[in-house]
Amino acid sequence: MINTEAEGRETEYDLAKDEIGKVGLDAKLARWEGHIHEVLMPKLERTVRERDSLYEEIAEGTRLLNFIEQELSEKEEGTTMETLVDMGHHFYATAEMNTTGRIFVNIGLGIYVHYTYPEAIAFLKTREKQFEIKADKLTKSASRVKVEMKIIYEAIAEYTSS
């Protein structure tokens with residue numbers, strides 16, 4: 001009889017231990033899912049949003065660079081040319097402008113610098129390279145976050161299937 005009681009207690013103890021382990025595992029899995037949704041997803045969204053913003057700035061800089069190289073550099077100083085000016089909300093007006101051999105370029109933080117055309121071209125090319133390097137870093141960072149999320153999802157799937 002003593003043997004039976006010992007076996008019975010041992011079995012009850014093992015069952016209780018298994019239940020505690022399952023509850024602990026469920027809590028850990030919930031924590032990891034929370035980590036994905038509360039930390040990794042917002043980080044990924046911020047990184048992608050910042051990278052997309054950089055790509056927009058690169059595109060804007062490229063348009064300005066092409067405009068300077070193709071349109072303004074060919075014109076002699078003092079000649080007039082017609083252009084469209086955005087008045088806001090995609091409402092454009094025709095305007096005439098005199099070419100002066102210089103252009104104002106927004107260098108960031110609302111600061112404009114008066115450059116000659118060759119200076120503006122050099123600045124825009126340098127800034128484009130810097131933005132591309134930063135965009136590549138952000139792409140790599142987003143990839144690392146995606147890999148981390150994938151590893152966690154695979155671990156969760158492995159634990160829930162067993």
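**Pocket, cavity and surface patch**

Five elements each supply at least two residues to the lining of the largest pocket: helix 1 (2-72), strand 1, strand 2, strand 3 (102-108) and helix 2 (117-161). The model is predicted. The volume of this pocket is about 740 Å³. Its lining comprises 23 residues, of which Glu60, Arg63, Leu64, Ile103 and Phe104 are the closest to the pocket centre. By class, 13 lining residues of the largest pocket are nonpolar, five are polar and five are charged.

One cavity of 30 Å³ or more was found in a search of the whole structure. The largest cavity has a volume of about 40 Å³. Its lining is formed by Glu57, Ile58, Gly61, Thr62, Leu124, Arg127, Glu128 and Phe131. Helix 1 and helix 2 are the elements that contribute two or more residues to this lining. Three of the cavity-lining residues are nonpolar, two are polar and three are charged.

On the surface, Val85, Met87 and Phe91 form a nonpolar patch. Together, these residues have about 320 Å² of accessible area. Phe91 is located in the loop between strand 1 (80-86) and strand 2 (92-98). The relative accessible area of Phe91 is 55%. Phe91 is therefore classed as exposed, the cut-off being over 50%.

Key:
Residues are numbered from 1 along each chain as its sequence is written. This is a predicted model: local features need pLDDT of at least 70, side-chain atom pairs count only at pLDDT 80 or more; totals for chains, interfaces and linings use all residues. Side-chain values use heavy atoms; hydrogens and water are left out. Patches are made of residues with over 30% relative accessible area and no salt bridge: like charges are joined within 9 Å, nonpolar side chains (Val, Leu, Ile, Met, Phe, Trp, Tyr) within 5 Å. Accessible areas come from the Shrake-Rupley method with a 1.4 Å probe; for residues, only the protein chains shown count as cover. A salt bridge is a side-chain nitrogen of Lys or Arg within 4 Å of a carboxyl oxygen of Asp or Glu. Helices (H or I, at least four residues) and strands (E, at least two) are DSSP runs, numbered from the N terminus. Buried means under 20% relative accessible area, exposed over 50%, partly exposed in between (1.4 Å probe, protein chains only). On a 1 Å grid over the protein atoms alone, a cavity is a set of points where a 1.4 Å probe fits but cannot get out, and a pocket is an open set with protein on both sides within 12 Å along at least five of seven lines; lining residues have an atom within 4 Å of a point. Grid points are joined across faces, edges and corners, and a volume is the space filled by probe spheres set on the points. Ala, Val, Leu, Ile, Met, Phe, Trp, Tyr, Cys and Pro count as nonpolar, Asp, Glu, Lys and Arg as charged, and the others, Gly among them, as polar.
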